[in-house]
Amino acid sequence: MAFIPHTPDDVRTMLAAIGVGTIEQLFEEIPATLRAGELTGIPPAASEMEIGRLMSDRAAADGCPLNFIGAGAYEHHIPAAVWAITTRGEIYSAYTPYQAEASQGTLQTIYEYQTMIASLTGMQVSNASLYDGASALAEACLMAVRAHRRSKSARILMPRAVNPTYRRCASAIAGNQQLSFEEVAFDPASGQTPLDALRRYEGEDVTALVIQQPNFFGVLEEVDALADWGQRHGALLIAVVNPTSLALLKPPGEWGERGVDIVVGEGQPLGVPLAGGGPYFGFMTTRMEHVRQMPGRIVGRTVDLDGRPGYTLTLQAREQHIRRSKATSNICTNQGLLMSAATIYLSLMGPRGLELAASASMARTAELVAALDKAAGLRPVFSGPRFHEALVRLDRPACVVLDEFARRGIAGGFDVARDYPELGHALLVCATETKTDADIATYAATIADILRAPRAA
Amino acid sequence: MSSNVPAELRYTKSHEWVRRNPDGSVTVGITDHAQHALGDIVFAEAPDAGRAVAAGEACAVVESVKAASDVYSPLAGEVAGANAALGETPELINTDPYGAGWLFTLKAVDAAAVDALLDAAAYDAFLEETAE
């Protein structure tokens, strides 16, 4: 079946039926100044051969640096089987299918994914995935406003230690929907979000508190205390988590006395390669009591007339194709391909494999921090406990140091100056299980060498 | 199939019913015709007590295996209470739409506005007229 919506004959027939001569006539009432007109600056079509050459040149320009950047996307070992299986014809699709129930295999994959993510986060129900971690947080904030019926303020407490890209994305998506985001300061010594910073909101109507674990600086928050504060003061709790870290850390479903209400995060660490910023996928889980306010698709397991198990899209009355403008979200799809890769990754790694990747990453970053102190006298900015990322103090702007690193084939870390000018010269570095002793030694020796050069005036 | 349209109630064209209570409040639900058209109801969400609603304002949601539908307040007033039993047993709307399947009650309603709603004969005629 050709996916050509209207043939020239169809168009002629339709125009004749409404008594209009040409498509152009239909648009006549739009003033000429508002029309986009011809596209300019678009070069003529290139051949497949030319495009292939262009793309391989561009890919080569990225190089293959020794990578120490984290800041929300993490380089982990991906077993070769993950993408060998994910790209098989039976699985290789970006979408939840139309006539979903005709694709039982796809639905079962989603169902297994939901089970794994719900289990990893310690929550009761998962959706079929969202676009990425940042937009998942925006969706979680909108969801909290719908779910928290007693709260009228649509006010979200957003720690400054939450990934700045996520904060910008949440404001961009939800800011125009009457949500207000209030920034909660971090402790300049520990890098954690202190309870003291929340006290001024006590007695006020707060819809939700966001808690990122580990936070953007790689520092572990005191999640139990923060969760209990939120619960005591009538705010719903939104956790933003790194899925790898959950192999070691307490799942958000068990934070504080009652656990959190919504969990979101970036799924990239689960088998998705770093690829110029994406595509990645977001995950979201919640408690059953909030399921009708959750965006996205949900697959359920049921039985047919003969009692055989089968899979189906469920709770669809939340969705756009049924609820129109009152839907929980305009998301009517999921990030199918990457979700499939994550499901296969988690199946191959198992709980023990994920725990090994997490603990090796945590150990490698600790070794890196120690090596930086020894080789160059660099010290962490924050005293709080860390997972697999650390912010270190420099004596000159990080961007200068990173340029030098780049010249030597090393992606040396993330410069936080744009997002946190108050932190001065500081570099966010990450070493996962992919880094060897030699890699860490190379990094430490290189930064020591770079810093030996006199500072620019 | 003809629907049950009790004579003592008032109705809207969006298929809500209204019962006058002795204390001056009114009880609101959806009609037998509406529950039948929706099919098996799996979830109902009623408004919070204390909420002020306008006539015609969407203030409750009834979800069935086929669709999710808004329920419109037939009258202006203040929500006095909601049917808590629907949380566990939303199917009461199917089995007893005019009794145990009620949705919410309103107070501070204008008695004349109640009189202005459709009576049973008019609602019956409306169903007849709109039948396929």
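Guide: Chain A holds an open sheet of seven strands with mixed pairing, in the order β2-β8-β7-β6-β5-β3-β4, where strands are DSSP runs of E of at least two residues, helices are runs of H or I of at least four, and both are numbered from the N terminus. Two strands pair if DSSP finds at least two bridges between them. This is a predicted model, in which local features need pLDDT of at least 70 and side-chain atom pairs count only at pLDDT 80 or more, while totals for chains, interfaces and linings use all residues. Residues are numbered from 1 along each chain as its sequence is written, with chains lettered from A and ligands numbered from 1 in the order in which they are written.

Visitor: Which strands are at the edges of that sheet?

Guide: The edge strands are β2 (125-126) and β4 of chain A, each of which pairs on one side only.

Visitor: And β6(A), how many of its residues are buried?

Guide: Six of its six residues are buried, so β6(A) is mostly covered; buried means that 20 or more other C-beta atoms, placed from the backbone, lie within 10 Å of the residue's own, exposed means 12 or fewer, and partly exposed is in between. A:L236, A:I238 and A:V240 point one way from the strand, whereas A:L237, A:A239 and A:V241 point the other way. In a regular strand the side chains alternate between the two faces of the sheet.

Visitor: How does β5 of chain A pair with β6(A)?

Guide: Strand β5 (residues 208-213) of chain A runs parallel to β6(A) and is joined to it by six bridges. A:L209 has A:L237 as its bridge partner, and A:V210 stands opposite A:I238.

Visitor: What about α7(A), where do its buried residues pack?

Guide: Helix α7 (residues 164-174) of chain A has A:Y166, A:R167, A:A170 and A:A174 as its buried residues. Seen down the axis they fall within an arc of 100 degrees, so they line one face of α7(A). They pack against α6 (133-147), β3 (155-159), β4 (180-184) and β6 (236-241) of chain A.

Visitor: Switching topic, at what angle do α10(A) and α12(A) pack?

Guide: Helix α10 (residues 336-376) and helix α12 (residues 437-452) of chain A pack at an angle of about 35 degrees, with their axes 9 Å apart; axes are lines fitted to C-alpha atoms, for helices over the stretch in contact, and angles run from 0 to 180 degrees between N-to-C directions. By class, this contact has 13 nonpolar, no polar and two charged residues, where Ala, Val, Leu, Ile, Met, Phe, Trp, Tyr, Cys and Pro count as nonpolar, Asp, Glu, Lys and Arg as charged, and the others, Gly among them, as polar.

Visitor: How many residues of chain A are in contact with chain B?

Guide: Five residues of chain A are in contact with five residues of chain B, contact meaning that the C-beta atoms of two residues, placed from the backbone, lie within 7 Å. The side of chain A that touches chain B has two nonpolar, no polar and three charged residues.

Visitor: Last one: is B:G39 buried or exposed?

Guide: B:G39 is exposed, with 12 other C-beta atoms within 10 Å, and it lies in the loop between α1 (32-38) and β4 of chain B. Leaving aside neighbours within four places in sequence, B:G39 is in contact with B:S64, B:V65 and B:K66.

Definitions and conventions: The arc is that of the directions from the helix axis to the C-beta atoms.
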